[in-house]
Amino acid sequence: MPATTIHIDHISKSYGSFRAVDDLSFDVYAGEIFALLGPNGAGKSTTIRMILDIIRPDRGTIQVFGGPISDDKKNRIGYLPEERGLYKSVSVIEVMTYLGKLKGLSGADAKQRSMALLQKLDLAEHAKKKVSELSKGMQQKVQFAVTILHSPDLIIIDEPFSGLDPVNRLIVKDLLEEFKAGGGAIVMSTHQMEQVEEMADRLLMINHGQQKLYGEVNEVKRQFATHAILVQGQGAWALLPGVLRVEENPRGHAGTMLYLAEDTSADQVLVAMASSPDTHIDKFELAIPSLDEIFIQVAGEKEKIL
Amino acid sequence: MKRILLVAQYEFMTNIKKTSFLMAAIGGPLFTIGIMVFATLLSISSIEAGQIKGERVGYVDEAGIIANPPLGLPDAYIAYPDAKRGQTALDNKEIDLLAVIDSAYLKTGKISLLAYGSVSNALKKDLGGFISTNLAHSVSDTLPEARIKDPVNLEYFLQNNGRALNSETALLAVIMTPIVFVIVFMIALQLTGTYLMTSIVEEKTNRIMEILATSVTPTQLLAGKLLGVGGLGLVQITIWLVVAAIGLVVGRGTELVQAIQVPFDIVVIALAYFVLNYFLIGSILAGIGVIVGSEQESRQFAGIVTIVTVLPLILMFSFLMDPDGPLPVFLSLFPFTAPMAMLLRLMLSAVSPLELISSFGLMFVTTLVIVWMSARVFRWAMLLYGKKMSPRDIWRVIRGQTDHVSTASLQQEGR
């Protein structure tokens, strides 16, 4: 069992009569990428700000690295907010050194680490340039470098890939994987579900401040799996035993969705298909919805209730 | 504390390297010196170019007041029996100037000066001296001539600090010294206040505050900024003082400079007031910067604050008329105008220690309260984007009722 980096126990936060976070509990472990999901206004930023001790919860407790947050512990956290910025009229290396020093590094150490990271991110030649002279993508990379400059044990990133081209996206992704492999914990707040599916180990989806989904990414997806299979090919699908109904190109997927009777398993259908001479199969898969679909479904549910 | 110093160091180092700071900090004093040197050169050269040096002066005594033989006759003075012959001598360039003492002089004091060109003040003074010497002689042989010519030799004693002022120039110096002090402080305050506000506005618009917030508390950030930018202000004042010291050394021969007295106690008091004033105004400007979040708008608010602080300068006349009148006393107690008003009063009049302590104490307490209020506002406003706080919101934040404020702001922010 990996060490618990963040332990959140029934936290709530209200602004006046508005409940931003409502009785939320979750854990983040060392060596994992944890995705924090939810529509705009769901309470993600408030949750992150509470973890970072920028604001305090009304109720509940937050433990970071096995206890309440402290100044020393803050030095072990790297944070990249969604609204990013740097001092525009100061050189890249100066900004990085300053922010590194605020995280407890010595001046020389901060400078040395900054140069090494800039080298890695292909930005070494821009170190002495003013931030305003860099392209937006370069600035994004510098901001990312600042986040991991002090070798934190936990990084919290809002939309890690926004504004990055595919090449830089890959560089940042590799750095995140490297960080994870080194035993660091990553909390990633994003709307890009494909990134979550690709990278995250576990997820928490919240809406209106409440927990909607929580657990391993694959497990969550399985929970939402309908008792159906998606096939491509030719055949009289509806006539197969145990198939209740069929749907062509469901929810934008190419192929046919076969909804199965409760006592029929996918294996049985596959056997039936294989033994049927008129049937030709190009693709056969369990109908597990994408996170996107789950997201829309979960986020939409509440709207219907309201 | 370490983080406060880090922020302070960063603010100091990044701003001191800015061209705009160098221009203002060094350029300001240099510009002032330049103007003074230029004005002096201009007046010297104009004297030399256009004015009659008056080595040769002719005079015609129609009133018969010049003693015979003339008393105190300057070397180059030549007497002519009548105006016509004097005029001829002037036309022939035998003399540079002709003074005709009118026959009705004793009634009217009229003396006609004839010259090709303008006449210097020194020459007029010479002539006056010559005539009054001769007049004095005809009044009395026993009275000292000097007392007739110069009956009132004023020596001023300002009772508060026992400084004796023996001439009107000295009085001028006494009035000018605090004004110069006040202006230098104003410039330094203005410059530093602007830097403080700009840096806060920049961090807010750049959204770097959110990153800083994970390393430093809002109070640490505010304190670090106040200290770092305040250091810039002290650098600026030091530059002015050095320039002033050079000016005093260079101009030590002139009467005005000799009359300038800057008592040590007043310098200490002035510096203490400046420091308090900086924290008072600085924390207000920081609060404005973090609330308004736009440079242009925050400058407008800063302008209002500045006008209040320079009120004593605008009302200078009432200080000169009666430094202990109700208005000057009120202004020297009111924390926002106290530094300048008190400085003016200290130089011009006797200020009781009780008044000084009250003024300083009031300002000290006000500054503490304002810094505290500013830190509270800072904590809440630094992460609010896209929403302006109304005066009612600000008041709520200061009183600690922050929930209502955040609701609206955060909802609008699209959290």
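Helices α17 and α18 of chain B are roughly perpendicular to each other. In the angle classes used here, under 35 degrees counts as roughly parallel, over 145 as roughly antiparallel, 65 to 115 as roughly perpendicular and the rest as oblique. You are looking at a predicted model, in which local features need pLDDT of at least 70 and side-chain atom pairs count only at pLDDT 80 or more, while totals for chains, interfaces and linings use all residues. Residues are numbered from 1 along each chain as its sequence is written, and chains are lettered from A and ligands numbered from 1 in the order in which they are written.

## Helices of chain B

Chain B holds 19 helices and eight strands. Both kinds of element are DSSP runs numbered from the N terminus: helices are H or I over at least four residues, and strands are E over at least two. Of the 415 residues in chain B, 34% count as buried. A residue is buried if 20 or more other C-beta atoms lie within 10 Å of its own, exposed if 12 or fewer, and partly exposed in between, with C-beta atoms placed from the backbone.

Let us return to the opening pair. α17(B) covers residues 353–381 and α18(B) residues 391–399; their axes are 9 Å apart and the packing angle is about 110 degrees. An axis is a line fitted to C-alpha atoms, for helices over the stretch in contact, and angles run from 0 to 180 degrees between N-to-C directions. On the α17(B) side, B:Met373, B:Arg376, B:Val377 and B:Trp380 meet B:Ile394, B:Val397 and B:Ile398 of α18(B). This contact is made of six nonpolar residues, no polar ones and one charged. Ala, Val, Leu, Ile, Met, Phe, Trp, Tyr, Cys and Pro count as nonpolar, Asp, Glu, Lys and Arg as charged, and the others, Gly among them, as polar. Two residues are in contact if their C-beta atoms, placed from the backbone, lie within 7 Å.

Another pair is α1(B) with α9(B), which spans residues 218–250: their axes come within 7 Å and cross at roughly 40 degrees. That angle makes α1(B) oblique to α9(B). Residues that divide into 13 nonpolar, six polar and three charged form this contact.

## Where the chains touch

How many residues does each chain bring to the contact? Chain A gives 25 residues and chain B gives 24 residues. On the side of chain A, α1 (44–51), β5 (77–80) and α3 (92–102) each give two or more residues. α3(A) gives the most to that side, with four residues. The side of chain A divides into 13 nonpolar, six polar and six charged residues.

Is α3(A) largely enclosed or open? Ten of its eleven residues are buried, so α3(A) is largely enclosed by the rest of the structure. Among the buried ones are A:Val92, A:Met96, A:Tyr98 and A:Leu102. The buried residues of α3(A) pack against α4 (107–120) and α5 (136–148) of chain A, together with α1 (2–16) and α8 (209–212) of chain B. Just after α3(A), A:Gly104 takes a positive phi of about 100 degrees.

## Strands of chain A

Strands of a sheet pair through backbone hydrogen bonds, either parallel or antiparallel. Two strands pair here if DSSP finds at least two bridges between them.

| Strand pair | Bridges and sense | Facing residues |
|---|---|---|
| β10 (228–234) and β12 (256–260) | four, antiparallel | A:Leu230 and A:Met257 |
| β11 (243–248) and β12 | five, antiparallel | A:Glu248 and A:Thr256 |
| β1 (4–15) and β4 | five, antiparallel | A:Ile6 and A:Val64 |

In chain A, three strands make an open antiparallel sheet in the order β2-β1-β4. β2 (18–29) and β4 (59–64) are the edges; each has a single partner strand, so one side of each is left without a neighbour in the sheet. From one strand to the next, the twist averages 15 degrees.

Most residues other than glycine have a negative phi. A:Asp122, although not a glycine, has a positive phi of about 65 degrees. A:Asp122 lies in the loop between α4 and α5 of chain A, and with 13 C-beta neighbours inside 10 Å it counts as partly exposed. In chain B, B:Lys93 has a positive phi near 60 degrees. B:Lys93 sits in the loop between α3 (83–91) and β4 (97–101) of chain B and is exposed, with 9 other C-beta atoms within 10 Å.
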